[in-house]
Structures are given as C-alpha cells and as structure tokens.
Amino acid sequence: MTNVLVCVKRVPDSSSEVVLTDDGQSVDGRYAGFTMSAHEECAVEIAAQVTSGGDEATVLTLGDADAVEQLRASLAVGCTAATHVVADPQRFGPADVAREIAVVVRDHEAQGRSHDLVLLGNDAADSGDFQVGIRLAYELGRPVVNGVNTVTVADGVVTATGSGPDGHETYRVPLPAVVTILEGGVQPRYPTVPGRMKAKKVPIEERTPAAEPTGPKRVRLLLPPPAPSNVEILGTGPEAAPAVVDVLEKLGVLAR
Amino acid sequence: MATVPSTARAVVIGAGIVGNSLVHHLARLGWRDIVQIDKGPLPNPGGSTGHASNFIFPVDHSREITDLTLDSVRQYQEMGVFTQSGGFELARTPERMEELRRRMSSAKAWGIEAHLVDPDFVKEKVPFIETDQFIGAFWTPSVGVVDSLRAGTIMRENALATGALTVVPNVEVTGLDTEEDAAGRRRITRVRTTGGDIEAETVVIACGVWSPKIGDMAGISIPLTPAVHQMISVGPCPQLAEQEGEISFPIVRDMDTFCYERQHGADMEVGSYAHRAILHEPEDIPSIEQAKLSPTEMPFTSDDFDPQLEQAYELMPELLGAEGAEMRYAINGLLSLTCDGNPILGESEVRGLWTAAAVWIKEGPGVGRAVAEWMTNGHPEIDVNASDISRFHQHQKRREHTRLRTTEAFIKTYGIIHPSEQYESDRGQRLSPMHESQKKLGAFFYETAGWERPHWYESNAHLLDVYGDAVMPREHEWDSRWWSPIINAEHLRMREAAGVIDLSAFCIFDIEGPGALESVQRTCVAQCDVAVGKVIYTPVLDAAGGFRSDLTVMRLGDDVFRVVTGGAHGMADRKWFEDQLVSDPDGAGATTLTDRTDAVSTIGLWGPRARDILASLTGDDVSDEGFGFLTCREIQVKGVPVLASRISYVGELGWELYVPMDQAAELWETLLEAGGPVGAVPVGIGVYGTTGRIEKGYRAYGYELDGERSIVEAGMQRPKVKVADFVGREAYLRQRDEAPAAVLCTMTVDDHTSASGVKRYMLGGEPILTRDGETLTDGHGHHPYVTSAGSAPSLGKHVLMAYLPPDQATVGNRLAVSYMEELYPVTVGSVDATGLLDPTNERIR
C-alpha cells in the first residue's frame with residue numbers, strides 16, 4: 001500500500017510564444033490557455049502507476065478557482081482524490097507553497113490519510129523557482145530526490161532513476177519521502193471518456209491557506225531575446241527528398 | 001518564394017476554402033493578374049478551414065444554402081476529395097420526430113434522397129449505437145466528408161497553372177486604401193501589406209473570422225463574430241481501427257443533444273453546439289506565434305463540454321469507452337457566425353471591395369463560384385440575395401447586434417426553428433411613431449429590418465366572435481405558433497369596412513437630378529417616363545433576367561422619383577439603384593440618391609370605406625375621377641401634409657399615405673378615429689404580408705420572386721416591353737419568346753384533415769406532388785414547393801403558391817401537398833397573376 005500525494009500548478013501553456021502580463025509578474029495565458037507543466041504531467045502519470053493497485057493518489061494544487069480544471073484533468077488520468085488550496089498563487093513564493101503543502105500533509109495524516117510519497121514537478125513552468133520540493137522535504141523532515149525520471153515503490157522503498165552529470169543514477173530511499181520529477185521517463189496518458197466522466201464526480205476538498213504568504217519577492221519576469229531561427233532549407237522540389245529521408249531517419253521516425 | 005506584386009487586377013485576401021475556390025473560379029472565368037495573399041503558411045494558413053469537421057449534410061430548410069451546398073458537393077466530387085458516408089439525424093423526442101418529418105419536406109422540395117428510419121435501421125449501419133437512446137432518425141445517404149485542405153490546394157494550383165495567379169503566403173494586410181469618386185462614392189485603390197503595397201481596383205476579403213478586422217481597415221462592416229465550436233477526438237477505437245480508410249460508418253447527428261459523432265480513421269470525433277455561446281472579437285484571436293495549435297484552435301474549456309461528453313457516451317458507450325480509447329485532441333475551434341445565419345457575400349458600399357465570409361466548408365466551393373460569377377457578370381447563377389452584404393441595415397452593422405443575435409441563435413444550431421420564429425435579443429431598434437399607440441392596442445410585434453411591426457392587435461380579439469369559424473382557427477400547435485386567428489378577423493373587417501396599416505418599415509429613397517429619369521429607366525422594367533404624379537409598379541431584373549426586386553416608383557417631378565420598397569430587402573435595392581445612377585449626364589449636374597426612410601412614415605388605408613374615411617378628413621378630391629388608381633399627389637389630411645398614393649397590395653380601394661415622421665402618430669390617430677364609426681380597425685402585417693396579398697395572387701420578393709425566376713415564369717409579363725434599355729431587357733425579350741420551364745400557380749387546399757383527424761395548415765416550403773404522391777419535375781429539373789402559404793379568409797380557403805411544371809399548370813388540376821409526411825389534396829386555381837379573389841379588380845376601383 002502506497003499513498004501518494006502529487007502536487008500540480010495551473011500555469012499558462014508556454015509551448016508557443018510566451019506573452020508576459022503587463023506588470024511582468026507572470027505569463028499571460030489568454031491565447032495559449034492553461035495547463036500544468038510537462039514535469040507535473042509526468043508526476044501525475046507516476047502517481048497513477050504507483051497506485052494502480054487501488055491505492056490513494058491525491059492531487060493537490062494551490063491556485064485560484066480556475067485551477068480546479070487541473071485537478072479534474074489529473075483525476076481524469078488516474079488520481080483518486082483532490083485537494084484545492086484556494087488562493088491567488090501570484091502572492092505565494094516557494095517557501096509559502098512548501099509550507100502550505102506541509103500543512104495539508106500533516107492534516108491528512110491526522111485524519112488517517114498518510115501520504116507516504118509526495119511527488120512534485122522539478123519546477124513550475126511559469127515561475128521556475130526550483131525550490132518547493134526541497135523546502136517541503138525539509139519542512140516534513142523527509143528524504144528527497146530531485147529531478148528523476150522514473151519512480152517505483154516496493155517494500156517501503158522508493159527507487160528513483162534519472163540522468164546525472166556522470167551518467168545514469170539510481171536512488172533508493174525509504175518511505176515516507178519526497179521526489180521531484182523531470183519529464184522524459186514516462187509517457188503521460190490522455191484521459192478516457194469514462195475517466196473524464198468519473199473525474200467530474202469526485203468531490204474536491206477545498207481549503208484556505210494556513211498562513212499569510214511572505215510573497216515571491218520577484219522583481220519582474222523578462223523575456224529572453226528571440227531565439228535565432230534554426231530553419232534549414234534542405235532543398236526544393238523532388239531533389240530534396242533524400243535529404244528529408246535522412247532527417248526522418250535520424251529522428252528515428254522512419255522504419256525501413 | 002513569390003514576392004508581393006505592386007499591382008493586380010484583383011487581390012484575394014485569404015487562402016482558406018473560400019479564397020482558394022474564388023481564385024480558381026475567377027481564373028476559370030477569364031480573370032488574369034490575380035494576387036492571393038494570406039498571413040499564414042500554405043496549405044493550412046491557420047483559419048477555420050484547417051480544423052473543420054469537413055462533413056456535409058445537404059438538406060437545409062433554406063433553398064439558397066442547399067443549392068450552394070449541392071454545388072459544392074459536385075465540385076468536391078469532381079476534385080476527388082469527397083467520400084460518401086451517409087448520415088443520420090437522430091430524434092430522441094416526438095417533437096424532434098415531427099421536425100424530421102418537416103425536414104423530409106425540404107428534402108423532397110430540393111430533390112435530395114432521404115428517409116425516416118427506425119432505430120434498428122441505424123443500428124445496422126452504426127453497430128456501436130445504443131438504440132434505446134432515440135426513437136427514430138432521418139437518413140440521408142448522400143452525406144459525406146471532404147478533404148477541404150486538399151480541395152483548396154487543388155483549386156489554387158488550377159489557378160496557378162493558368163498563369164492567372166500569384167500566391168504570396170506569410171504576408172499580412174496592414175491597410176486598405178480607398179478614394180472618393182466625383183459622385184462621392186468610395187472605391188478601393190490599394191492593399192497595404194507587410195510585404196509591400198498592391199494597387200488594385202478589385203479586392204475580396206475572404207479571411208473568415210478575421211474579416212471584420214480587415215473590413216474595418218476600409219471602414220466597412222462585415223458583421224460576423226468568431227464563435228467557438230467545441231470538438232474532441234477519441235481513439236483509437238478498435239471498432240473503427242478495423243476498417244479501411246478515413247470513414248466507413250455514417251455520421252450521426254444527435255439533434256436533441258446538439259452533438260455529432262463523426263468517424264475519423266480510428267478516432268471518433270465528437271462535436272458540440274450545446275455549450276454556451278463562446279464568442280471572441282477578431283482582434284483577440286492569437287497570432288500564429290502566440291497560438292499553441294493554430295490561431296483558430298483555441299484552448300479547450302472542458303467544463304463546457306462535460307455534459308455533452310456524458311450524452312455522447314450514453315449513445316455510444318462501447319465505442320467511446322473502449323479499452324485504449326483516449327481523448328487525444330480537444331479544441332475550442334473558431335468559426336464564423338452572423339446575425340441571421342447567412343454568409344456575407346458581394347460588393348460592399350466601397351466599390352470594388354468585395355467580401356466572401358461567414359462561409360462553412362459545405363458551402364465553400366459553391367460560394368467561390370457564385371461570387372466569381374457575380375464579380376464577372378454582375379449576378380451569380382445561384383440566387384444568393386439572402387447572403388448579400390448589402391442586406392444589412394445600420395443597426396445590424398453594430399458588433400453588439402451580431403454578438404447578441406448569435407448568442408441567442410447558437411443554441412439553435414441544431415434547434416427546431418419555426419419558420420415564423422422571432423428573435424428576442426436586440427429588439428426595439430427602430431420604432432415607428434405609432435409604437436406607443438400600438439402597444440396600447442395590444443400589438444403583437446414581429447421584427448422587419450429592425451422595425452417593430454404589429455403582426456396583429458389583441459384589441460381586435462372581439463372580432464373573433466363577430467366572424468366565428470370564418471377566421472379559420474387552427475387546431476394544431478405548430479400550425480398556430482407565431483399566428484393568431486385575429487389576423488384573419490382583421491382581414492375580414494378590412495374587406496368589409498377598412499383597415500389602417502403601419503408601413504413605416506418601407507425603405508424609401510428619392511432619386512433626383514438631371515439623370516434621374518435615365519437612372520430609374522435603366523433599373524426598372526416598367527415604363528418610368530410617365531406623367532408627374534403617376535405611380536409605377538415594376539420588377540427589377542439582373543442582366544440574366546432574374547428578379548433583383550419588385551417595387552413601386554412615384555414620379556414626383558420631371559427629375560424626381562421616389563422608390564418605395566420592402567424593409568427586408570431595402571438596403572440591397574438601394575445599392576442596386578446607386579450602382580445604376582447616371583452620375584453626370586453631359587455635365588448637367590449630379591444625380592443623387594437620398595435615403596428618406598427615417599424621415600418619412602407610411603400608413604396604409606384600405607377597404608370599401610377607405611374613400612369615405614379619407615374624404616371626411618380632407619378637402620381634396622379623392623373620388624375615382626379626381627384621384628385615379630396608380631396616381632399620387634400631395635393632400636392635406638386634417639392639416640397634415642400627406643403624399644397620398646393610390647395603390648394596393650391587399651386588393652382593396654385605398655391609399656398609401658406618406659407623412660413626415662413627426663406627424664405620423666397624429667395622422668394614425670386621426671385615421672383610426674375617423675374610421676372607427678364605419679368599422680375601420682388597425683390591421684397588422686399578417687394581413688398585409690400574407691392573407692391580403694395571397695387572395696390577390698400578389699407575388700413577394702424572396703418568396704415567389706428571386707434571381708432564378710423570370711417575369712414570364714411568374715406570370716407577370718405585360719403585352720409590351722418598353723423601348724428604352726434596362727438591365728435584363730435582352731434576357732427578358734428572350735424569355736418572352738420561349739416556353740416557360742415552370743409556371744407560378746395559386747392552389748387551394750381541398751381537405752385539411754390528417755390521418756389523426758386534426759386539421760393541418762401548411763406554412764410554406766412543402767413539396768407539391770401528384771395526387772398519388774409522385775414527384776413532379778419542371779423544365780429546370782426542379783421540384784415544385786410552396787413559396788407562400790396562408791389563409792384566404794374571404795374565400796374560406798387555405799391558399800398555396802408554387803411554380804409547377806407547365807403541363808401541370810391548368811386551372812382545376814388536382815394535385816397534392818405533402819405536409820409532415822401526409823398528403824393533402826389541392827386544386828390549381830390560377831395559373832398566372834390573376835387573383836382568386838376579385839379577378840377583375842372591381843374592389844380596387
């Protein structure tokens with residue numbers, strides 16, 4: 001039995017051109033819509049895999065009312081319960097968020113729902129602070145593994161793997177533990193129709209923040225200069241075909 | 001990569017299905033030096049074509065839309081991009097079943113094979129459907145899907161191959177330059193783009209959801225709104241994956257949940273029109289760089305879709321819940337909606353600046369052909385007057401109007417719409433001076449061109465007892481919806497005494513100047529070189545001899561003509577006259593057209609007592625000798641100056657009284673007061689537009705008359721044709737020499753009793769068949785359908801008008817009308833413009 005808590009954040013989709021809000025404090029999601037980061041999608045997938053035997057996988061977010069969309073999306077792909085700390089996320093820095101998560105973990109524990117494994121994304125797609133996982137582990141006094149791609153649990157031990165500077169790394173830590181996930185190790189699944197319908201019916205635990213936030217202390221976000229175009233013209237007309245075939249083979253999408 | 005040329009014969013903005021089809025047809029019709037630009041890349045520049053569902057159900061209640069669709073299907077088939085799948089429209093309720101029966105009427109009228117089938121029939125072709133979810137279906141075997149991107153590429157390449165076309169993608173329009181001509185009319189001169197400027201005298205805006213933004217650059221309104229249509233794709237579904245090709249199961253439209261299910265290879269696409277109307281402004285559509293997918297594939301809002309997901313799942317649980325079937329694609333796709341649901345086509349008020357927008361995949365190639373023909377010949381083969389951009393009145397050009405109307409209409413996309421149904425939003429835009437008085441009289445208002453028009457008056461309800469069964473009450477709710485027997489009571493009272501009718505919605509414009517006579521002569525079929533004070537009723541034709549309009553003209557002076565036409569089509573008529581204006585003959589000065597609609601109100605006074613009433617209010621001579629039929633002149637009515645015109649659209653003695661707007665209310669009260677003692681009552685448009693005219697066999701533009709009908713077919717030819725030239729004269733002379741391919745006839749219904757014993761009354765659009773229910777076909781290959789239907793209370797009959805094959809057009813011929821899939825016997829009563837009531841027009845004298 002492993003009880004998993006997976007933490008996600010509603011962020012603007014940044015797979016297209018990033019647009020900043022006028023005050024430079026956040027990314028504007030008006031055009032591209034909102035999502036959770038690819039790291040968190042992988043964390044949700046791992047949560048679903050680890051608990052596929054029928055264990056509890058609770059998804060948690062701290063966000064405004066609209067963030068319920070990300071909770072439902074996670075419920076549709078395998079999470080079984082959801083907790084929503086309703087708050088304006090712009091007012092919360094990484095220390096504030098870590099503290100709020102810790103409060104939820106302790107409260108749930110007091111209710112008899114101990115989250116043995118807490119999963120987070122490596123970093124949020126909008127603010128990129130890279131801190132919440134470590135701060136949370138410190139708050140909870142748990143071991144933490146950062147930036148791994150896969151996680152399995154057996155006999156009270158978490159096995160997490162990822163790539164390090166010296167090659168492939170494998171960590172084994174005892175539960176309870178905190179792990180932050182880097183995308184690339186698992187393929188997040190799409191929701192099914194029955195999954196989506198079931199997600200709609202799961203009651204969501206709504207909470208208010210436990211404490212006043214100290215704030216992100218962010219001055220402002222700046223956009224990097226536009227990346228130089230890396231378009232390479234392979235040729236025109238039928239003569240270009242062999243070059244295209246080479247590229248496709250290199251990408252490994254062509255079977256011969 | 002092509003660069004932007006500095007000049008062009010024509011610039012087409014947009015490379016979606018419409019722009020591509022347009023350049024193809026322009027090149028085919030001989031245009032050269034065409035430049036097509038788009039801000040996106042090819043072949044999918046990112047507009048609505050790129051994410052379209054690409055399926056086509058041919059049957060629509062509108063003939064115009066059906067014709068454009070059928071022409072489009074033919075073109076898609078010729079290009080080899082059409083795959084026939086068949087399609088079902090499901091009914092979950094008895095009300096929907098009745099609507100599907102009505103749909104059968106349209107299918108038969110337009111000659112499209114369709115059948116009503118039971119759930120088992122559907123199950124046989126769609127094995128994964130749950131038959132307990134619905135009670136029946138409408139089966140159209142000719143439904144299919146197209147590859148609209150491929151079609152666009154083929155058509156663009158056809159045009160390129162002729163050497164007529166230069167295509168420049170990735171170039172954005174930044175401005176449209178216009179200049180004023182001597183007569184003060186603007187014309188297009190230049191398109192400014194990010195790739196350089198193009199001098200051009202002809203420009204077409206065919207950029208779908210972005211069109212309003214581009215139109216604004218030239219100061220014209222293209223009143224459409226980008227609106228969200230949600231769709232998801234679920235797969236791979238094993239039941240679908242086993243099949244070869246893109247589509248092997250019929251498309252299912254689940255009409256009562258406003259959803260459809262359309263196979264796409266191994267995936268099932270579920271689309272919805274059930275969610276709240278989600279509208280965007282064209283300026284808020286993301287750029288190609290900002291968009292996650294394409295600019296018109298907006299982020300999916302799953303909350304809006306969840307209820308439909310559940311309904312779709314109930315209908316196809318095994319398929320949508322299959323192991324491994326996931327929702328892999330979900331978008332809020334943008335498409336274009338307009339205030340009346342029709343496209344926006346034709347030349348704008350800026351000369352040379354055309355539009356072809358708010359067009360869906362099913363009409364794309366047909367619209368491309370029609371607009372190209374219009375640009376080339378001045379008229380398209382398929383009548384598209386209901387889509388003409390010049391139809392919009394000022395209040396309809398507001399974005400607010402489009403927003404409110406499309407919000408109201410969105411949920412009706414798959415709705416059951418009564419033919420007389422009125423919009424609720426953005427009403428009260430134009431109120432006649434009599435409006436307050438009419439409200440007190442309990443007027444039931446319909447809307448025409450923004451005007452609130454009384455359709456009948458509750459104050460006349462007491463007449464129901466007076467006339468009893470002669471008011472022809474209707475038992476069936478559908479037949480009597482948006483109708484009242486009071487209309488027929490008002491009718492009978494008008495024929496017995498008199499009626500006073502508010503006609504403020506008339507469009508009125510004065511043509512003045514040295515070229516005025518020539519301008520109206522070249523526009524109108526009837527002789528307009530008549531004595532001052534004469535009133536002329538005239539058809540207006542296009543060059544092919546099809547109807548553009550029918551209207552009246554008064555000669556108010558040697559160089560002054562007043563044109564009076566219906567509100568609904570008035571703006572298009574105004575543009576048509578403007579286009580014919582002789583601007584400055586021999587340097588004698590300008591000829592102008594002045595819109596007087598908002599300055600002049602019109603009140604009709606008709607009935608056997610009309611002369612008595614008017615005579616009691618004026619010292620002027622209103623006797624037949626002193627004020628003959630088809631004449632007009634100014635008189636004083638109790639001190640109010642009135643231009644009185646002796647004419648009638650209801651077949652009674654009487655006048656149209658043109659009065660300054662600020663004195664109209666006074667005249668209205670005066671007439672009602674003076675008429676009261678002799679039995680006159682206020683009478684609504686229900687009489688004026690239907691019962692009064694149909695007893696007299698008077699034709700109405702948009703019903704009996706349109707661009708595909710001729711004067712000869714409509715039975716309106718006069719013994720002589722004037723010598724002076726006019727638009728359509730050559731064609732009209734030719735038509736007079738040929739035997740007509742169809743003949744407009746008036747019929748009466750002999751027995752209204754349905755199988756259930758309830759008496760039914762047709763409302764228009766129903767097919768006319770033989771007594772045995774066999775199909776009839778006219779010389780055009782068309783099948784007869786009811787163009788107008790209405791009570792003829794003075795005859796005690798329900799009257800239908802329809803174009804019949806010439807060999808069926810004999811008085812006394814016994815035929816049948818199909819209504820809700822039952823046959824009712826009818827008999828032909830008139831085979832020309834002769835009225836069934838008072839055929840020698842004694843009452844008008």
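Let me start with one pair of residues: B:Val35 stands opposite B:Thr166 in β10(B). This is a predicted model, in which local features need pLDDT of at least 70 and side-chain atom pairs count only at pLDDT 80 or more, while totals for chains, interfaces and linings use all residues. Residues are numbered from 1 along each chain as its sequence is written, and chains are lettered from A and ligands numbered from 1 in the order in which they are written.

Back to that pair. Strand β3 of chain B, residues 34-37, is joined to β10(B) by four bridges, and the two run parallel. Strands here are DSSP runs of E with at least two residues, helices are runs of H or I with at least four, and both are numbered from the N terminus. Two strands pair if DSSP finds at least two bridges between them.

Both strands belong to an open sheet of six in chain B, with mixed pairing and the order β10-β3-β2-β14-β22-β21. At its edges are β10 (165-168) and β21 (344-347) of chain B, each pairing on one side only. On average, neighbouring strands are turned by 20° against each other, direction ignored.

Helix α1(B), residues 17-28, packs on this sheet, touching β2, β3, β10, β14 and β22 of chain B, and its direction makes about 170° with that of β3(B). Contact means that C-beta atoms, placed from the backbone, lie within 7 Å. Angles run from 0 to 180 degrees between N-to-C directions, with axes fitted to C-alpha atoms, for helices over the stretch in contact. Helix α10(B), residues 364-377, touches β21 and β22 of chain B, at about 165° to β22(B).

Chain B has another open sheet of six strands, ordered β32-β33-β34-β31-β25-β35, with mixed pairing. β32 (632-637) and β35 (681-682) of chain B each have a single partner strand, so one side of each is left without a neighbour in the sheet. Seven bridges join β31(B), residues 600-606, to β34(B), residues 654-660, and these run antiparallel. Within that pairing, B:Leu605 has B:Trp655 as its bridge partner. Helix α19(B), residues 661-675, lies across β25, β31, β32, β33, β34 and β35 of chain B, at about 15° to β31(B).

Last, chain A. The axes of α2(A), residues 68-76, and α5(A), residues 193-201, come within 7 Å and cross at roughly 130°. The contact is made by A:Arg72, A:Leu75 and A:Ala76 of α2(A) with A:Gly195, A:Arg196, A:Ala199 and A:Lys200 of α5(A).

Note on methods
Two residues are in contact if their C-beta atoms, placed from the backbone, lie within 7 Å.
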